Amino acid sequence: MNSRSIVFDIAADPPPRLDKALSRDVPAEAALSRTRLARLIAEGAVAIDGQPVTDAKARIAEGARVEITLEAAEDSHIGPEAIALDVVYEDADLIVINKPAGMVVHPAPGSPSGTLVNALLHHCGDELSGVGGVRRPGIVHRIDKDTSGLLVVAKSDAAHHGLAAQFEAHSAERHYKAICYGVPDANDPRLRGVRGVSFEPGNIMKITTQLARHRTDRQRQAVLFQGGRHAVTRVRVEESFGAPEVAALVDCWLETGRTHQIRVHMAHAGHGLIGDPTYGGRRKLAQKALSPVALEAVQAFPRQALHAAVLGFVHPLSGAALRFEAPLPGDMVSLLAALRGETANPS
């Protein structure tokens, strides 16, 4: 197997741990994350002054000569599949996809094929670099199977490293369109009593909690206020429906990006998403609030009414600011038309 070496010296005042020192001083063009470096250390691919070191916590001195051996990327065990993709943008380093509802992002038990990764392996072919040592697309962030919309995928190690840093720092822009039960409003006295919910100027609802896996249902996330991971969602009402108002089209944007964050936060605030089988529930709406057509459309909507509509980030190699928008999919267009009393044209 072909290999290449990266050689560099440790600069002054190195961090106390080897993995941290390497992460600080490895040449940027190598695009090696600290996680990847730790794995390379454990595999014996790192030598200090000619001696292999396998302890990521080992100390290293200023001026030490480091040699990292990188083997040629292995082929992924995941097979390519000829699945059509809605490509919004693509270059040598990354690709932005408008994912349809129903498509899983990455193979997992229960979804071994037909995923976005399978489709990307076929679409990108030989253009993929060895992301993390394996020739595959680099999944930087995910959206749920039954959520539609935009996500960016890395085609090279350098892009993966740069994009992951932006998502970790929460600097990427992500707006979702959702259709929820009820209408979040600062004048609602009930919301003033919900822990973690507050309002900012412009009637923007802010939800701040911790999130963690549910204790008894590992497929769900649960709201906590101690432990878990910090999560912040902001919500602005764009349109309300019914007389009295019983549903709303909302713009949700993420300060953090946790699993199921919008879905579980909206449910916590009492405004679960229409169609959400896990958090939204099937609510009985007042018969006179909406037309029979609208009531039927709400009750029959087959998935969470959630769409990743806006994605913005800085290109990790060119430094250009990129921002993409994806229109609502046909099923959400039809649902909104029913709520408005219109006849939809999903195309």
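Colleague: By class, which residues does the lining of the largest cavity have?

Modeller: Five nonpolar, one polar and one charged. Here Ala, Val, Leu, Ile, Met, Phe, Trp, Tyr, Cys and Pro count as nonpolar, Asp, Glu, Lys and Arg as charged, and the others, Gly among them, as polar. A cavity is a set of points on a 1 Å grid over the protein atoms alone where a 1.4 Å probe fits but cannot get out, and lining residues have an atom within 4 Å of a point.

Colleague: What sort of model is this?

Modeller: A predicted one: local features need pLDDT of at least 70 and side-chain atom pairs pLDDT 80 or more, while totals for chains, interfaces and linings use all residues. Residues are numbered from 1 along each chain as its sequence is written, and side-chain values use heavy atoms, without hydrogens and water.

Colleague: Back to the cavity. What is its volume?

Modeller: About 30 Å³. That is the space filled by probe spheres set on the points, which are joined across faces, edges and corners. The whole structure has one cavity of 30 Å³ or more.

Colleague: Which residues line it?

Modeller: His141, Leu150, Arg174, Tyr176, Ala308, Val310 and Leu311. β18 gives the most, with three residues. β12 and β18 each supply at least two. Strands are DSSP runs of E, at least two residues; helices are runs of H or I, at least four; both are numbered from the N terminus.

Colleague: Is β12 mostly covered or mostly open?

Modeller: Mostly covered: eight of its nine residues are buried. Buried means under 20% relative accessible area with a 1.4 Å probe, protein chains only.

Colleague: How many bridges join β12 to β18?

Modeller: Six, and the two run antiparallel. Strands pair if DSSP finds at least two bridges between them. Glu173 stands opposite Gly312 in β18. β12 also runs antiparallel to β17, with seven bridges. There, His175 has Trp253 as its bridge partner.

Colleague: New topic. How many residues has the largest nonpolar core?

Modeller: It has 35. Such a core is a set of buried Ala, Val, Leu, Ile, Met, Phe, Trp, Tyr and Cys residues joined through side-chain atoms within 4.5 Å. Those with the most contacts inside the core include Leu116, Tyr176 and Met266. Elements giving two or more residues include α3, β12, β17 and β18. α3 gives the most, with five.

Colleague: What does Met266 touch?

Modeller: Leaving out residues up to four places away in sequence, its contacts include Cys180, Met205, Val250 and His271. Contact means heavy atoms within 4.5 Å.

Colleague: What does a second, separate core include?

Modeller: Leu22, Ala30, Ala64 and Leu70 are among its 22 residues.

Conventions. Buried < 20%, exposed > 50% of the residue type's maximum accessible area, 1.4 Å probe, protein only. 1 Å grid on protein atoms, 1.4 Å probe; cavity = no way out; pocket = protein on both sides within 12 Å on 5 of 7 lines; lining within 4 Å.
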